[in-house]
Amino acid sequence: MDTTLPDASGPSRADLDAAALESTTAAATPRARWKVCYPRREAISGMMLCPNTVDMLNLAEPPKFDLDTYIANYTGRTRYDRLYLIGTCSPLLSTDALKAAIAEARTSKDVSRYERAVRALAEVAPRDPDASLDAAWVQETNRYVQTQTERLEHELRGYKNNLIKESIRMGHEDLGNHHYETGDLTAASKAYSRMRDYCTTPNHITSMLFKMVNVATERGDWMSVQSNVHRLRNSQSKPEDAARNLSKISAASALSQMHQGSYLEAANSFLSVPPELSDTYNEVITPNDVAVYGGLCALASMNRDELQKNVLDSPTFRNFLELEPHIRRAIAFFCNFKFRQCLDILEAYRPDYLLDIHLQRHIPQLYKRIRTKSIEQYMIPFSRVTLDSMAKIFAPTVVGGEARPTDISSPFVQELVGLIQDGVLNARIDLEKGLLVSNQIDLRAEVQRTTLESIREFNQEAHWRILHAAVLQAGLEVKPEKTEGPGVGKGGRFSRGPAGN
């Protein structure tokens with residue numbers, strides 16, 4: 001798997017994510033078999049670009065979404081990114097997705113995207129009419145892009161000579177928009193950043209920062225996203241403008257945290273996204289994505305009480321969960337100790353999530369964490385549990401496919417061994433009796449020991465109090481004489497008679 005961060009050339013998010021998928025562990029025992037997408041990289045114009053071809057995922061089940069309905073939820077450049085990822089990773093949707101990606105690329109001025117999509121389609125459907133490159137369109141578009149670049153740069157130089165700040169700001173913005181539309185993300189980022197010195201109102205600064213967030217998101221530069229989100233939070237916008245932008249800021253921050261592996265922080269950020277997000281940020285993320293990303297991150301990082309309080313009972317996040325009811329059901333099953341049903345729901349939607357541009361690379365880790373938490377929570381009420389009963393819940397396919405699913409060589413038992421070695425489970429495996437025995441202390445014995453200790457301390461304290469009262473009553477208390485010195489240290493004497501003599 002290629003884990004190299006995106007370089008300054010700004011490769012597409014779809015290209016990066018197609019190379020990032022990891023195979024799940026054998027302990028997860030999925031119903032479908034997965035093959036990792038390993039790309040071939042090629043050099044174009046001196047840049048290392050991600051693949052024009054990849055080994056596709058072999059999905060035993062098709063995704064549950066309809067391609068046209070799914071992609072209609074998005075706007076901007078992310079439409080192509082998502083279509084290209086689906087086309088290069090799903091054999092069931094490859095032709096339709098790549099043809100749609102080609103059509104989407106032709107509506108823009110990014111020639112490199114069009115060429116990549118055509119090459120990918122030529123590998124899966126070489127006889128399709130769209131699988132041949134339209135050289136005339138490529139030449140015409142390249143000529144138009146060059147002409148526009150020269151015109152915008154010439155206009156910007158004229159604005160600088162006139163020393164009009166607003167014109168210079170708009171010139172940088174137009175040039176940045178042009179570079180962004182043509183896929184030159186590095187030049188677009190530089191043009192947007194140069195707008196800062198010529199912004200005269202808080203709205204100008206906010207608009208510039210959102211543009212930089214969008215560019216950094218497509219490049220996969222999540223540190224830059226987080227930095228610009230912090231600047232957005234500290235901007236001096238009007239209260240009504242700040243409230244309107246809060247949902248987009250929270251969503252961008254949560255997405256950045258998820259990609260950096262901070263799943264608990266990402267879950268809290270997704271849970272705090274106001275319902276006003278609606279379709280205002282469809283060029284990056286939709287409310288359905290917030291529900292799925294937030295629900296999975298919460299399942300992977302929160303305990304049952306936190307899930308119930310912060311997710312299911314949340315008055316704001318509930319609006320998002322209504323868009324993805326299967327996520328709400330999975331969380332409810334987890335909170336009610338129905339782990340088999342929870343894991344079944346997640347497995348049923350695994351093909352969909354593996355074709356998501358932001359989730360694909362995180363699904364193995366998220367599913368592994370959720371599964372590990374389920375096993376850990378299952379063991380809490382028991383001091384010992386049979387391996388057969390656990391296998392029926394956490395490895396049903398193993399039970400049905402192996403003669404001895406609880407043998408030491410079985411994947412499920414090896415998973416338990418790994419959890420014990422990692423310190424996740426404080427238990428030991430008794431293979432002779434087929435038990436998983438908890439090493440936790442006997443709670444009843446601990447309560448009895450604590451109670452007896454409290455009684456002993458109480459009796460001791462009562463004895464000293466009674467003794468002290470008897471001493472006072474008999475007048476045997478010894479008090480120092482009232483002297484100016486510290487008493488014994490100054491050679492003071494103590495009375496042997498009753499107090500007050």
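Colleague: What share of the contacts with a separation of 6 or more comes from residues 24 or more positions apart?
Modeller: They account for 61% in the protein chain. Contact means heavy atoms within 4.5 Å. This is a predicted model: local features need pLDDT of at least 70, side-chain atom pairs count only at pLDDT 80 or more, and totals for chains, interfaces and linings use all residues. Residues are numbered from 1 along each chain as its sequence is written, and side-chain values use heavy atoms, with hydrogens and water left out.

Colleague: Why is Ser-90 called buried?
Modeller: Buried means under 20% relative accessible area, exposed over 50%, partly exposed in between (1.4 Å probe, protein chains only). Ser-90 has 0% relative accessibility, so Ser-90 counts as buried.

Colleague: What makes Arg-82 and Asp-289 a salt bridge?
Modeller: The term needs a side-chain nitrogen of Lys or Arg within 4 Å of a carboxyl oxygen of Asp or Glu. Here the N to O distance is 3.7 Å. Arg-82 sits in helix α3 and Asp-289 in helix α13 (residues 287–301), 207 residues apart. Helices are DSSP runs (H or I, at least four residues), as are strands (E, at least two), numbered from the N terminus.

Colleague: Why does Asp-289 count as buried?
Modeller: Its relative accessibility is 6%, so Asp-289 counts as buried. Arg-82, at 0%, is buried too.

Colleague: Which residue forms a salt bridge with Asp-110?
Modeller: Arg-77, with the closest N and O atoms 3.2 Å apart. Asp-110 lies in the loop between α4 and α5 (111–124), and Arg-77 in the loop between α2 (67–71) and α3, so the pair ties together parts 33 residues apart in sequence.
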